[in-house]
Amino acid sequence: MTYSIQGKTGDWEVVIGLEVHAQVTSDAKLFSGAATEFGAEPNTQVSLVDAAMPGMLPVINAKCVEQAVRTGLGLNAKINLTSVFERKNYFYPDLPFGYQISQFLHPVVGEGIVALDMPDGTVREVGVERLHLEQDAGKSLHDQNPHKTYIDLNRAGVALMEIVSKPDLRSPEEAGAYLRKMRTILRYLGTCDGNMEQGSMRCDVNVSVRKAGEGLRTRCEIKNVNSVRFVMQAIEIEAERQIDLYEGGGKVVQETRLYDPDKGETRSMRSKEEAHDYRYFPDPDLLPLVLDQAYVDALKAKLPELPDVKKARFMSAYGLSLADAAQLSGEREIAEYFETVAQGRDPKLAANWTINELGAVLNKRGLSITESPVSADHLGNLIGLIMDNTISSKIAKDVFEVMLETGEDPAKIVESKGLKQITDTGAIEAAVDQAIADNPTQAEQYRSGDQKVTGWFVGQIMKATGGKANPKMVNELLRKKLGS
Ligand code: MN
């Protein structure tokens, strides 16, 4: 299934590369001990280093390096044992140094691979070009005062991982799947919270178009898109703009653009002619970052089970379908919840209840799995009650409704509401006899060969027993009695 956009001159292919800036989960900044918590009062988390006071020297935060290496390992990437921090020079009001400490020629992480599960069941492998560590800038606040711009340096110096993909993506859907997968991997690793609304994961999108079989044409970069949906929209809109240009006899100029979701357009921010010459050079205040292979191996040994491996295990160990396994392994918390539910129980039933019954409720109420009104232990107990025939699947749905409201253990609800399934042969037999005696016409119908009335009889008996009779026993007894 290849994606293309139909223009006046035929089909166009879209070529996409993504640069993700992911804020490193760490209590302190990349080169200072200042705190990093989101939402603090402006300028309360700024050390002398972050404010670029004269004579201050940066000191690398080992925790941030560890997080970058762990992320590289999670992306199946090459870890470079020697990497170099360089100064990227540019003027920006909220960048006190006048440069950003980043990595350029020698990033800490090299090429890797991200596997995407596409909706049609295929797997797409997308190349990662590199991952490097760099500082974030501060923030200019233009909306606090009509005449002034305020600067908040809380974010200045916070560690970012810039993760650059190869131009391997070919459709808005693939780009969306890549971002979601990246976020899943980062969250599993605990190296970035992946929160795009709070800006802890931001995305720059490189887009170009071409005719099938051509080499790469000129690309444009759309800066700082802050949701997966906007990334997908921006790609489509930008690709169409480029196609219109080419087909109108014009050409695409390499430039940086902004996506405006309200107007549904991208517009020019700065062109290549005005592009900065960053004059990168190795930061003389920092030695090259040199890592031991043993250090990398130790981090690798302690990585959590990652989503692809978990998904494969869910299929082989629990016999789940690819779709169910992918859904349940998509978030670490959902996977943990599921495994608690499935512990010692029918895994397919556990998957079904977690995805369908509970999933629908969480979706409707806008809750995450960690906010679930029903605990994994309780949902597991409910499935236990179905499996040992204490309740039918139908009654289980009623019990689940009560669990949602009260948060009670299902066994207690079944007990107090008297919902226990009737498996006593005598009681069911009596109900069957009664139903046959009350409905001689239907009974005759059955005996004269119309077996379709069986279902109707089962319905009558279930109604008479408040839905509590074991349906399998009702069926067996009914056939026996009607047949005689
Ligand atoms: Mn960057």
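Here is a walk through this predicted model, from its metal site to its salt bridges and its surface patches. Residues are numbered from 1 along each chain as its sequence is written, and side-chain values use heavy atoms, with hydrogens and water left out. Because the model is predicted, local features need pLDDT of at least 70 and side-chain atom pairs count only at pLDDT 80 or more, while totals for chains, interfaces and linings use all residues.

Let's start with the metal. A manganese ion is held by H21 (NE2), E134 (OE) and E162 (OE), at 2.0 to 2.2 Å. Donors here are N, O and S atoms within 2.8 Å of the metal (3.2 Å for Na, K and Ca), and since water is not among the atoms, sites may look incomplete. Along the chain, the donors of the manganese ion follow the spacing H-x112-E-x27-E. Strands (E, at least two residues) and helices (H or I, at least four) are DSSP runs, numbered from the N terminus. Both H21 and E162 are buried, where buried means under 20% relative accessible area, exposed over 50%, and partly exposed in between (1.4 Å probe, protein chains only).

Next come the salt bridges, and a search of the whole structure turns up 30 of them. The term stands for a side-chain nitrogen of Lys or Arg within 4 Å of a carboxyl oxygen of Asp or Glu. Take R170 and E13, whose side chains meet at 3.9 Å, N to O. That pair also links distant parts of the chain, with R170 in the loop between β10 and α2 (172-189) and E13 in strand β2, 157 residues apart. R170 is partly exposed, with a relative accessible area of 22%, and E13 counts as partly exposed at 22%.

D204 and K223 make another salt bridge, at 3.1 Å, N to O. D204 lies in strand β11 (residues 201-210) and K223 in strand β12 (residues 220-225), so the pair ties together parts that are 19 residues apart in sequence. D204 is buried, with a relative accessible area of 1%, whereas K223 counts as partly exposed at 21%. What about R257 and E255? Their closest N and O atoms are 2.4 Å apart in a salt bridge. R257 is buried at 6%, and E255 is buried at 11%. There is a network of salt bridges too, linking D117, K181, D308 and K311.

Now for the surface. Patches are made of residues with over 30% relative accessible area and no salt bridge, with like charges joined within 9 Å and nonpolar side chains (Val, Leu, Ile, Met, Phe, Trp, Tyr) within 5 Å. E173, E236, E240 and D244 gather in a patch of negative charge. Helix α3 (residues 228-247) gives the most to this patch, with three residues. D244 lies in helix α3 and is exposed, with a relative accessible area of 54%.

M56 is found in the loop between β2 and α1 (62-74). With a relative accessible area of 32%, M56 is partly exposed.

How values were computed. Areas by Shrake-Rupley, 256 points an atom, 1.4 Å probe, with all protein chains shown as cover. Lys, Arg positive; Asp, Glu negative; His and termini not counted. Charge placed at Lys NZ, Arg CZ, Asp CG, Glu CD.
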